[in-house]
Amino acid sequence: MTHAASQDQNEGRQGVAILGSTGSIGMSTLDVLARHPDRFAVAALTANAQVDRLYEQCVRFRPRFAAMLDPQAARDLERRLRASGIPTVVSSGLDGLSTVAADRASDIVMAAIVGAAGLIPTLAAVKAGKRVLLANKEPLVMSGRVLMREARAAGAVLLPIDSEHNAIFQCLPAAFRAGEPPAGVRRLFLTCSGGPFRAASAEALARATPEQACAHPNWVMGRKISVDSATLMNKGLEVIEACWLFGVAPSRIEVVIHPQSVIHSMVEYDDGSVLAQLANPDMRIPIAHALAWPSRIQSGAKPIDLVDLARLDFAAPDTTRFPCLRLAYEAGAAGGTTPAILNAANEVAVAAFLEGRIPFIDISRVIETALAQVPGRSDDSLDDVLADDARARVAAERAVAGAGRRVRQGVS
């Protein structure tokens, strides 16, 4: 079925599939879509295991398809939908998510599954030639070479949703397309709020709790990405993602602490001009931009008040207190499967911290240990990427166990 034919099925509207619809990005996407029922139709919704929320979304938006990674959750969802007389077709597992991502009923796929779990469904959408809205940075971090190669082969359109990458995209020439080195660009600036521990001492970081790490000063996010923001690993992963999206080396990307989170990123051109994108910290803005691109639509976000804002502050990041940013730069420069190893170790370390098995300061230690124990190699093969991801998780779990023993013995 052609792109035009799939739109006909939705009465001239574009069909949208949301991978990860029960998370913060997924819910923000649904909010934007609900404001434009004449332009968009919700074609598919997916989640991991949140049956209640996905059921409510299916009742409201009546998607053609729904998928859940957890098979039991999918069965519960299907039972409840049938009892309510809602004909949404339910599938499960990674295959179910991938099938939904590639289905011809969707013109646009929002890739918002957290972590490495989003790689395979996102790749399925790319191979199907969709307009893919990349909110999940891990697919590019883990396997940027494969993803960009498949996007070129299938004619997929990749649009960034991370506020920083979307800001850079908006500041680049109109003819720019993902993966192509932009003409006349000297540097990219990724702004960073600094997270909840921006001014914290080393002693405070050693005592940091999961609740403190998840209390982001400007953004409302899930727990994993909130911890990544607190360690600055989120910004490090964004550096690697930006290398693939914008065709530049890590050395041409500079991270700048900007506590107000109003300038979302900047592009410096060869002539000395610097273009910045400003907006209130609201993810509906980049979502609306990518959904309607190259047009513009209402997002529901509050307009910015520059007079009330009054000032914009900037500072350099401290990679001594926040070594995760340094580790990410090093992994990006090393290339190959090293970023996938970094990402896998980080996921294990963050989960261990949130579960109370390691202190906050051991997140970077676990990652560094895994990077030392699992050497990177070529990333031409997805199988090699996934194999090194698995090896890194084993190494990271061993490091977590070792860190836990040190804590129990009272050794820092």
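Which residue in β9 does leucine 188 stand opposite? I looked this up in a predicted model. Leucine 188 faces isoleucine 253 of β9.

**Entry: the sheet**

I followed strand β8, residues 185-192, to its partner β9. The two run parallel, and five bridges join them. Then I traced the whole sheet. I found an open sheet of four strands with mixed pairing. I wrote down the order as β9-β8-β10-β11. I checked the edges next. They are held by β9 (253-257) and β11 (274-278). Each of these has a single partner strand, so one side of each lacks a neighbour in the sheet.

I turned to the domain assignment. It gives domain 1 as 14-160 and domain 2 as 335-406. I noted 27 Å between their C-alpha centres. Across the boundary, 12 residues of domain 1 are in contact with 12 residues of domain 2. The two domains bury about 930 Å² between them, and 59% of that lies on carbon and sulfur atoms. On the domain 1 side, Val141, Met142 and Arg145 lose the most area to domain 2. Together they make up 48% of what that side buries.

**Entry: polar links**

I counted two salt bridges between domain 1 and domain 2. I also have three residue pairs in polar contact between these domains. I looked up the salt bridge between the side chains of aspartate 379 and arginine 145, with 2.7 Å from N to O.

Which elements give two or more residues to the side of domain 1 that touches domain 2? I found α6 (119-127) and α7 (138-154). Helix α7 gives the most, with seven residues.

Definitions and conventions:
Residues numbered from 1 in each chain as written. Predicted model: local features only at pLDDT ≥ 70, side-chain atom pairs only at ≥ 80, totals over all residues. Heavy atoms only, no water. Pairing = 2+ DSSP bridges. Domains from an automatic or database assignment. Contact = heavy atoms within 4.5 Å. Buried area = accessible area lost by both parts, 1.4 Å probe. Salt bridge = Lys/Arg side-chain N within 4 Å of Asp/Glu carboxyl O. Polar contact = N/O pair within 3.5 Å; in protein donor to acceptor, adjacent residues only side chain to side chain.
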